[in-house]
Structure formats: structure tokens, C-alpha cells
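Here is a short report for a reader new to this structure. Have the sequence and the model side by side as you read.

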Amino acid sequence: MPHKVKAVISRAKDAPVEVVNIIVPDPGPGEVIVDVLTAGVCHTDLHYKLGGIGNDYPYLLGHESTAVVSQIGENVTNVAVGDRVILNWRAVCGQCRACAKGQAQYCFNTANATQKMTLEDGTELSPALGIGSFAEKTLVAAGQCTKVDEDADAAAVGLLGCGVMAGIGAAINTGEVKRGESVAVIGCGGVGVAAIAGAKLAGATTIIAVDLNPTKLETAKQLGATHTIDSSKSDPVEAIKELTGGFGADVVIDAVGRPETYKQAFYARDLAGRVVLVGVPTPEMKLELPLLDVFGHGGSLKSSWYGDCLPSRDFPMLVEQYKQGNLDLDAFVTERIKLDEIEAAFDKMHEGTVLRSVVEL
């Protein structure tokens, strides 16, 4: 029978979030109910709250989570009741043109649960990224569950569900950072410092962090940056070149997503280097570059979607790297909070005083 559980929703643009009771239906074919253990407070949730993603209120927020499978529907074979899982929003279909080409990390037809969770009065909820995990239980497609070992801190590894994976993947998957290469990351919020951690994991030997905030630069050093640049005091393009023999970095990752920072990334790379855009622009932003410069610099200009990850491949590997001490996911967990503290966590996000607030249920 349906479950009544506590959850956090956003009813209207700019309105404070609310803790309410919601109804989670029994899983249908291909669906799973999970008991949520942890949920990171991600900037994407704030975008939903502020109306930056759509107007399909009320939203059931939350998506960056570790959970335990509590109930499965018909035809579910990839997970079983009791499995510890990380939730993801790339449940690959196996049939679209990307999957058919062997590029499931770009799946263009990812799955979500078919049924809707609701408020007690029957109002349908829109789950953030098809997950909605600021809740005691949530309903997802089975493919949104990636089984992982239980002997790892749920709060830490759950961050692989979105922001940390986006940053690490921008380095190791999209940027294809190789041993001995130089990497610069512009913007050292949660995704940016994750990209720095990814560059370190990949074996980069020169890792340059760029930001306006000295505190964020210090965090970047803790997670693998070998050099830092305060872009309020130095031209980041010239400073990156100075640290790379005058040539520029092999890979430059823009974790901000603004025309200004993208131009910095473009001109701060070496000839035939790679630019990776992982920061998300807003619809009105425009980019203008001399076409001759695009040709003359060579290399590649890439966008990183969810770190171009394949959850079934990347999550277990990164959890293992965490367990071996090669990836400090604990450093991303700034505070552990409860459901009724999420609004305050959004304020701290605005202030730039946290990498991640993580809800523990």
C-alpha cells in the first residue's frame, strides 16, 4: 500500500521550502522504492526552488543521495531489497542512438519512474532530476540505482550522485586528463574542487586552482591543487601561462559557466589543448570568439554533461578509490543536517561557506 513520509518541497518561486507529508505509491514495473539515507544540498536544487529550471511546481527537491532499496516492482533485476545504492539521474535506456553507438554515458532517453508521488491532497509532485530525495522514501526507476559497498560513509559517497561526479568526470571523462599533464580549474565551488580532485586522481602533475575567494582556494589546495591564483589580483590567463612554461595548460575546466570565464579558459590553454565547460550557463548568455582564434588554437572545446559519467562504471570505481584513500570525499561534507534545516543550507550555499550540506535521514 502507499507510504506516507516526510519530505521537503518547493511550492512556488522564491518561497521558502516546506517540510510536508507526501504519498509514495507502491512501485510499478521497473520501479523501486528506496529508504533515503543521505541527500546533499546541491545548487541544482536551488535552481529548482528559484524557478531556474522550470515552473512545474510543486517540486520535490533532492537528488544527490545514498539509499537502501526497500521495495521493488516487476521486472527489476539490477537491484534487490536491502541493497545499498547511490541514486543517479542517468538511467540508461540501452536502445537510443547514443547507447547503440556504445556511448551510454550520453544516453538521450534516460528513464524515470512512471508513477507520480503526490501531496496528501493528490497534487502531483515534480521530483528534482527525476529523483526527489529530500524525503524519507522516494520512488525512482530501477536504473537510477547503482549498487555500492555498504562499508563507506553514506554521506560522502552519496555526493557522487551529482556535483562531485560532475567535477571528477569533467576531468577524467570529458577532459581525459593524462598522467603528467597540466590542468587549470576556473571556479572552486563544489564542482570545481571535485574537478581538481579528479585531476589529481588522473595523475596530473600541475593542477592550478583559480577563484576570487581565498577560502575556496585553500580548500582547493587540500584537495590536490598544486598552485592557486586569486583572479581578483592577477590576470588568470597570464598567471596560468606563467605556471606552465608560458604555454598554457593542457586542460582548462570552466566550472563557473560564464562568457568571461569561458574566454579565460579558452585563452589559458596550450595549443591543441582541451577546454571543458562544466559550469552551467543561463539562457541569456552569449559567447563571442574570433573564429580565427578557434582555428589557430586547435584542440577541442567540450561540454561535460554530468561528468560524462556512466554510473554503473564510475560510481563503484570512485567508491573504491575513496576506500583506498585516493579520493577524499569526506572533505566535501561540510555539515550534516536534518530535513528542516535545508532552507538554512541554501543560505549558506549563497554565502559560499560550505562545499556540501548533507541531510541525514
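This is a predicted model: local features need pLDDT of at least 70, side-chain atom pairs count only at pLDDT 80 or more; totals for chains, interfaces and linings use all residues.

Strand 14 (residues 249-254) and strand 15 (residues 269-277) run parallel and are joined by five bridges. D254 stands opposite L277 in strand 15.

**Helix 5**

Is helix 5 (residues 190-202) largely enclosed or largely open to the outside? Of its 13 residues, 10 are buried, so helix 5 is largely enclosed by the rest of the structure. Among the buried residues are G190, V193, I196 and A202. The buried residues of helix 5 pack against helix 4 (163-174), strand 11, strand 12 (206-211), helix 6 (214-222) and strand 14. The length of helix 5 also checks out: at 1.5 Å a residue, its 13 residues should span 18 Å, and its end C-alpha atoms are 18 Å apart. G203 follows helix 5, with a positive phi near 100°.

**Aromatic rings**

How many aromatic pairs does a search of the whole structure find? The search finds five. Two of them are set out here.

| Pair | Centres apart | Angle of planes | Type |
|---|---|---|---|
| Y57 and Y59 | 4.8 Å | 70° | edge-to-face |
| Y106 and W305 | 6.1 Å | 80° | edge-to-face |

Plane angles over 60 degrees count as edge-to-face. The Y106 and W305 pair is edge-to-face because its planes lie at 80°. This pair links distant parts of the chain, 199 residues apart. Y106 is in the loop between helix 2 (97-100) and strand 7 (118-119). W305 is in the loop between strand 16 (300-303) and helix 10 (311-323). Y106 counts as partly exposed, at 25% relative accessibility. W305 is partly exposed too, with a relative accessible area of 48%.

Y57 and Y59, by contrast, are both buried. Together with Y48 they form one aromatic cluster.

The charged end of R269 sits over the ring of F266, 4.8 Å from the ring centre.

Terms used
Residues are numbered from 1 along each chain as its sequence is written. Side-chain values use heavy atoms; hydrogens and water are left out. Rings of Phe, Tyr and Trp (its six-membered ring) pair if their centres lie within 6.5 Å; planes under 30 degrees apart count as stacked, over 60 as edge-to-face and the rest as tilted. Buried means under 20% relative accessible area, exposed over 50%, partly exposed in between (1.4 Å probe, protein chains only). Helices (H or I, at least four residues) and strands (E, at least two) are DSSP runs, numbered from the N terminus. A charge sits over a ring if NZ of Lys or CZ of Arg is within 6 Å of the ring centre and within 35 degrees of the ring normal. Two strands pair if DSSP finds at least two bridges between them. The expected span of a helix is 1.5 Å times one less than its number of residues. Contact means heavy atoms within 4.5 Å.
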